[in-house]
Amino acid sequence: MSIIKTADLKRSFSMGTQSVEALRGINLDVNAGEFIAIMGPSGSGKTTLMNIIGCLDTPTSGKYFLNNQEVSKLKDDDLARIRNKEIGFVFQSFHLLARSSALDNVMLPLKYAGEKKNIATERAKASLNDVGLQDRMSHSPSELSGGQQQRVAIARALVNSPSILFADEPTGNLDSQTGDDVMALFKQLHKNGQTIIVITHEEDIANQAERVITIRDGLIESDKLVHENE
Ligand SMILES: Nc1ncnc2c1ncn2[C@@H]1O[C@H](COP(=O)(O)OP(=O)(O)OP(=O)(O)O)[C@@H](O)[C@H]1O
Ligand SMILES: [Mg+2]
């Protein structure tokens, strides 16, 4: 089943009198349950593409269907509603609240969604359990290692059971061993059926996904299966 489908997706940014064409016609089809890495040089359009597929931004032209619903023309409010329900984000620098415990950080999206406190607590605990942090729930980010902080961020991204987990350079701030641990966690989540898209500069990281897409100058340069149904 197709979860993401784009047709001739373009995004340009106007900079004064100039215009930057960040995406120049992306045609992408992703099935539910795929584990994809997106590679490409700096400035090639990876984050711009993630922002559109992640419902943080809309294209200048072209179409985007998420779960067979066209979202490319939605207004901000509708886009935000779909984003909160369907997309979980993980970033290079974790983006955790420094003064809040791991549990409170993971509960945040549920609080925003208006979930009852006891239900939110139970779901956040289950999500921390899924990333192996059941014994670190009351620790604040400064009391956790980098890899553990990233796992809290992953638990937070997953707590709403999103259709797609997006990670933009999730291993960029981690040493290679810890980066591999995060990728091992992604592989396990993938095995459990989670659709995952990881943006990375590192070939070693990308090659741990199932499918590797390379972007160059706003276009897909290559799209290869590296491991099938592992
Ligand atoms: N908000 C913006 N306003 C103007 N130009 C932008 C904006 N966002 C991105 N761009 C331009 O679009 C192009 C693609 O940027 P993007 O951030 O998608 O690249 P990237 O592949 O994620 O790069 P990196 O690997 O460095 O993160 C770049 O030339 C960038 O300067
Ligand atoms: Mg980027």
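Colleague: Among contacts in the chain between residues at least 6 apart in sequence, what percentage join residues at least 24 apart?

Modeller: The model is a predicted one. The chain contains seven helices and 10 strands. Taking the contacts between residues at least 6 apart in sequence, the share that join residues at least 24 apart is 67%.

Colleague: How compact is the chain for its 230 residues?

Modeller: Along its principal axes, the C-alpha trace spans about 50 × 40 × 40 Å. The globule rule gives 17 Å for 230 residues, and the radius of gyration of the chain is close to that, at 18 Å. The chain is therefore as compact as a globular protein of that length.

Colleague: Is D223 buried or exposed, or does it fall in between?

Modeller: D223 lies in strand β10, which covers residues 219-225. Within 10 Å there are 15 other C-beta atoms. A buried residue needs 20 or more, and an exposed one has 12 or fewer. D223 therefore counts as partly exposed.

Colleague: How are helices α3 and α4 oriented to each other?

Modeller: Two packed helices are described by the angle between their axes and the distance between the axes. Helix α3 (residues 102-112) and helix α4 (residues 117-130) have axes 9 Å apart and pack at an angle of about 125°. The two helices, α3 and α4, are therefore oblique to each other.

Colleague: How many nonpolar, polar and charged residues are in the contact of α3 with α4?

Modeller: Among the residues that make this contact are L103 and V106 of α3, and R123 and L128 of α4. The residues of the contact divide into eight nonpolar, two polar and three charged.

Note on methods. Residues are numbered from 1 along each chain as its sequence is written. Chains are lettered from A and ligands numbered from 1 in the order in which they are written. This is a predicted model: local features need pLDDT of at least 70, side-chain atom pairs count only at pLDDT 80 or more; totals for chains, interfaces and linings use all residues. Helices (H or I, at least four residues) and strands (E, at least two) are DSSP runs, numbered from the N terminus. Axes are lines fitted to C-alpha atoms, for helices over the stretch in contact, and angles run from 0 to 180 degrees between N-to-C directions. Angles under 35 degrees count as roughly parallel, over 145 as roughly antiparallel, 65 to 115 as roughly perpendicular and the rest as oblique. Two residues are in contact if their C-beta atoms, placed from the backbone, lie within 7 Å. Ala, Val, Leu, Ile, Met, Phe, Trp, Tyr, Cys and Pro count as nonpolar, Asp, Glu, Lys and Arg as charged, and the others, Gly among them, as polar. The radius of gyration is taken over C-alpha atoms; the globule rule is 2.2 Å times the number of residues to the power 0.38.
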